[in-house]
Amino acid sequence: MTERGEPPVDVAGPGEVTPEPVAPPVAAVPAAAPVATPPPVPQAGSGLPAEPDAGSAGRSAGAGEQAGGPGADGRTAPEPPSAGVAGEAPARRVSTWNIANALTIARLAIVPVFTVFLFVEGEAWRLAALGVFLLASLTDQLDGWLARKYALITDFGKIADPIADKALIGAALLSLSYLGEIPWWVTLVIIAREAGVTLLRFLVIRHGVIPASYGGKVKTVLQIVAIALYIVPGVPDLVRWAVMGLALLVTVGTGADYVVRAVRLRQVARSARTS
């Protein structure tokens, strides 16, 4: 018999082995979980950005999530703004091949046609030459208006437009002087002034472009009117001479003005280089 409180003991019989007592299983002790350290809270007015919380950090670091791609909640994250959005718009570039410059080139092409009509005998051909001359002169006013209204002013137009005007005026003066209707000295004075101004433009083009002045436009109109009066048959000589004399005065005066402007432009360019 056993005493009270002791467990019963199995007694092995003959030929039996008494089993060893089995120790009870020991429960595994879980490792200590890392203690999350709370992020520092920025003080008001410190200027430090707030740290993202654990949820936002997990969403931004989730698999497959990229800038502008779908996030964990299925919504699309906005793409970062482009660096050039806030910059200024690029300056508008004007093409050389525009309607104003096309009219200038057309005026140059009309000059030979006008000359042929002027040398053919007959009043009808004279009137045809007058029509071509006035049409070419009209394109001078039209291309200038288009260039100013639609901002089509180019360096090519500033140079080609005066050349086209001088080609038309020069062809008319030379033809009429050859036909004995305008004195040669008048033609030589006007052509010398026009050629001198054109040469002056090219000499100072590396410093800048001298645009046509208001006086130059008045000069061109007076020359066109005077030449038209010589083309039309039957106009009194006194009227022709009065208009041509006024055109000569404005021509010489505006030529001197161009010389002064060219000298000033060169001085300004030199001052800019030395400063």
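Visitor: Is Tyr178 buried or exposed?
Guide: Tyr178 is exposed, because its relative accessible area is 61%. Buried means under 20% relative accessible area, exposed means over 50%, and partly exposed is in between (1.4 Å probe, protein chains only). This is a predicted model, where local features need pLDDT of at least 70 and side-chain atom pairs count only at pLDDT 80 or more, while totals for chains, interfaces and linings use all residues. Residues are numbered from 1 along each chain as its sequence is written, and side-chain values use heavy atoms, with hydrogens and water left out.

Visitor: Where does Tyr178 lie?
Guide: Tyr178 lies in helix 4. Helices (H or I, at least four residues) and strands (E, at least two) are DSSP runs, numbered from the N terminus.

Visitor: Which residues make the nonpolar surface patch?
Guide: Phe119, Leu174, Tyr178, Leu179, Trp184 and Leu188 make a patch of about 630 Å². Helix 4 (155-178) and helix 5 (184-203) are the elements that give two or more residues to the patch. Patches are made of residues with over 30% relative accessible area and no salt bridge; like charges are joined within 9 Å, and nonpolar side chains (Val, Leu, Ile, Met, Phe, Trp, Tyr) within 5 Å. Accessible areas come from the Shrake-Rupley method with a 1.4 Å probe, and for residues only the protein chains shown count as cover.

Visitor: Let's go inside. How many residues are in the largest nonpolar core?
Guide: The largest nonpolar core has 26 residues, and Phe114, Phe133, Ile227, Ile231 and Met244 have the most contacts inside it. Helix 2 (99-119), helix 3 (123-149), helix 4, helix 5, helix 6 (214-231) and helix 7 (237-274) each supply at least two of its residues. Such a core is a set of buried Ala, Val, Leu, Ile, Met, Phe, Trp, Tyr and Cys residues joined through side-chain atoms within 4.5 Å.

Visitor: What is Ile227 in contact with?
Guide: Leaving aside its neighbours within four places in sequence, Ile227 is in contact with Phe133, Ile169, Ala172, Leu173 and Leu176. Contact means heavy atoms within 4.5 Å.

Visitor: And what covers the buried residues of helix 6?
Guide: The cover includes helix 2, helix 3, helix 4, helix 5 and helix 7. Among the buried residues of helix 6 are Lys219, Thr220 and Ile227.

Visitor: New topic: how many salt bridges does the structure hold?
Guide: The structure holds nine salt bridges. A salt bridge is a side-chain nitrogen of Lys or Arg within 4 Å of a carboxyl oxygen of Asp or Glu. In one of them, the side chains of Asp161 and Arg107 meet at 2.7 Å, N to O. That pair links distant parts of the chain, with Asp161 in helix 4 and Arg107 in helix 2, 54 residues apart.

Visitor: Why does Arg107 count as buried?
Guide: Arg107 counts as buried because its relative accessibility is 0%. Arg107 also forms a salt bridge with Asp165, where the closest N and O atoms are 3.1 Å apart. A network of salt bridges links Arg107, Asp143, Asp161 and Asp165.

Visitor: What about Lys219, which residue does it form a salt bridge with?
Guide: Lys219 forms one with Glu194, the closest N and O atoms being 3.0 Å apart. Lys219 lies in helix 6 and Glu194 in helix 5, so the pair ties together parts that are 25 residues apart in sequence. Both Lys219 and Glu194 are buried.
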